[in-house]
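These are my notes from going through one model, entry by entry. I began with the aromatic rings and then moved to the strands.

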Amino acid sequence: MATSSAKEVARAWEDFAAGEDIETGVRPEILASWYRCRDRYDVDRTLDAAPGARGDEAQGVDNGVIFTALGGVGALAGKEVERDGAVVTVTDGVGRVLGAWGDPSAQRRAELHNLAPWSSWSEECTGTNGMGTSLEVSGPVTVTGPEHWCQAFHQWACAGISVRDVVTGAPVASINISRWNASLPKLVPPWLTKAVACVEQEIYRRAIYEADKVITEFTNRSAQARGAFMAMDRGGNVIAANDAAVALLGLAGETPIVAGATEPADRWIPDIIGLPDVVRWAAERARGNAEWSGYARLPVCPGEEPVPLTMRSVVDANHVVGMLCAFGVQEGEAYEPGDDTAVGPLPRCVIGMRNDRLVLLAPSEIRYAEADRSIVWLITERGRIQAATRGLDNVERSLAPYGIRRVHRRYLVNLRRVAEIERGIKGELFLIMDSRGSQELVPVSRRHAPDLRRMLGV
């Protein structure tokens, strides 16, 4: 997709905000944000200042260390961008500005729009912008001029990136650089990526520590388990499972969770309807109580009757870090779905773009993804669909929890859709995908071949 001029984007913004169809040309991640602003959040596009932050917005795990590290990064970056007339801001995971640094005159101008501490810049409150939109997607986000949803911000250029919890995938913070009436240097997005990578290392170390705690508890109690028994992290990803649970869940015998998956990328998302709601309920009820247990009846095997699943909390320093789950056991507090879950949970979806429309895809529909420079194409049951996120690295991060992994510098594959493996004349590997039409071959690079063999158990 060619880059559109500011005038073209401005015309598209006017048409879209008025509810009309638009010509293609607006970047897919911006168009996806516009849809959210108009159809989900109903953001007033005449807003000229961000609203004040609410004091009751939920926070996740204790993120004091993360905010302290980001504050240091923001202060240092503020000194660097001061000569460029820019402002650096840091928010928490719900878009509340925690701090601002940079050029004093730019900060004063930013304050006219409430781009300052104690204001909320989530998409839900303030529309498409660097901070708010970065909390909705992975990777760096640039929003320039009329790409902003609110017209009063059309003279700003900004770039933001979120810091995400590697366990739950939820945003815990963001950092953003904004400049008035001037473009941002091309080096800003790469700099943001490096800055966030340093901060996310602390989250990663914490995730490994939590997994070790959960696996230790699982090992200590698995000997007494009479049936299928597994352990999950606080995000509902399976970390460890005994042989009976592996068989019940239909997993391969060589899956990493047999030995205990301390690495977040090796954990498995169980496809059990209603389980995410039960995990959230259990984590809330177990907060600060190492002795808590509860149960729910869930359809573990498609087409069969629901079975009871008892969950016991694993607590460290008053934080729930995981759950031990026994199938066929009914102990503790009973889970009672509320009215909001009576219709069943919303399916996990991946957002793609076709012309000016969003396409909601189930992860199982994606056979593989192919990069064409920064554009990523998803090869699906409904044809080739452009990913709403640019860059194969960004798409890889969002799809990894669904078993879609890198096999080549240009390709990701859905491991559950691999039908055959073909060996070339020189020993190279090709994956034959499970497609209903013509045969699809995806190359595997030598660097990724060992990991692929391990993941497929061959």
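Which residues do ring pairs link into a cluster? I found F16, W34, Y35 and W149 joined in this way. I took rings of Phe, Tyr and Trp (its six-membered ring) as paired if their centres lie within 6.5 Å, with planes under 30 degrees apart counted as stacked, over 60 as edge-to-face and the rest as tilted.

**Basis.** This is a predicted model, so I kept local features to pLDDT of at least 70 and side-chain atom pairs to pLDDT 80 or more, while totals for chains, interfaces and linings use all residues. Residues are numbered from 1 along each chain as its sequence is written, and side-chain values use heavy atoms, with hydrogens and water left out.

**Confidence.** I looked up pLDDT, the predictor's confidence in each residue, from 0 to 100. The mean for the protein is 85, and 92% of its residues reach 70 or more. Over residues 339–347 the pLDDT stays under 50. For residues 339–347 the model has five contacts beyond four places in sequence, where contact means heavy atoms within 4.5 Å.

**Aromatic pairs.** I searched the whole structure and got nine aromatic pairs. One of them is F16 with W149, edge-to-face, at 6.3 Å centre to centre and 80° between the planes. F16 belongs to helix α1 (residues 6–17) and W149 to the loop between β3 (141–144) and β4 (156–164), so this pair ties together parts 133 residues apart in sequence. I use helices (H or I, at least four residues) and strands (E, at least two) as DSSP runs, numbered from the N terminus.

F16 is buried at a relative accessible area of 2%, and W149 is also buried, at 2%. My cut-offs are under 20% relative accessible area for buried, over 50% for exposed, and partly exposed in between (1.4 Å probe, protein chains only).

Next I noted W156 and W180, whose ring centres are 5.4 Å apart with planes at 70°, so this pair is edge-to-face. W156 is in strand β4 and W180 in strand β5 (residues 171–180), 24 residues apart, and the pair links distant parts of the chain. W156 is buried at 6% relative accessibility, whereas W180 is partly exposed at 23%.

**Charges over rings.** I counted a charge as over a ring if NZ of Lys or CZ of Arg is within 6 Å of the ring centre and within 35 degrees of the ring normal. R38 lies over the face of F16, 4.1 Å from the ring centre. R45 has its charged end over the ring of W13, at 5.3 Å from the centre.

**Seven-stranded sheet.** In what order do the seven strands of the open sheet run? I read β13-β12-β16-β15-β14-β18-β17, with antiparallel pairing. Two strands pair if DSSP finds at least two bridges between them. The edges are β13 (357–361) and β17 (404–408), each pairing on one side only. On average, neighbouring strands of this sheet are turned by 35° against each other, direction ignored. Axes are lines fitted to C-alpha atoms, for helices over the stretch in contact, and angles run from 0 to 180 degrees between N-to-C directions.

β17 pairs with strand β18 (residues 411–414) in the antiparallel sense over four bridges, and R405 stands opposite V413 in β18. Helix α2 (residues 28–41) packs on the sheet and touches β12 (350–354), β13 and β16 (383–387). The direction of helix α2 makes about 90° with that of β13.

**Hairpins.** Strands β6 (residues 229–233) and β7 (residues 238–241) run antiparallel and are joined by three bridges. M232 has V238 of β7 as its bridge partner. Four residues lie between these strands, and G236 in this hairpin takes a positive phi near 85°.

How many of the ten residues of strand β9 (residues 307–316) are buried? I noted seven, so β9 is largely enclosed by the rest of the structure. Strand β8 (residues 293–298) pairs with β9 in the antiparallel sense over six bridges, with A296 opposite L309. β9 also pairs antiparallel with strand β10 (residues 319–327), over eight bridges, and R312 has L324 of β10 as its bridge partner. The β9 and β10 hairpin has two residues between the strands, and A317 in the turn has a positive phi of about 50°.
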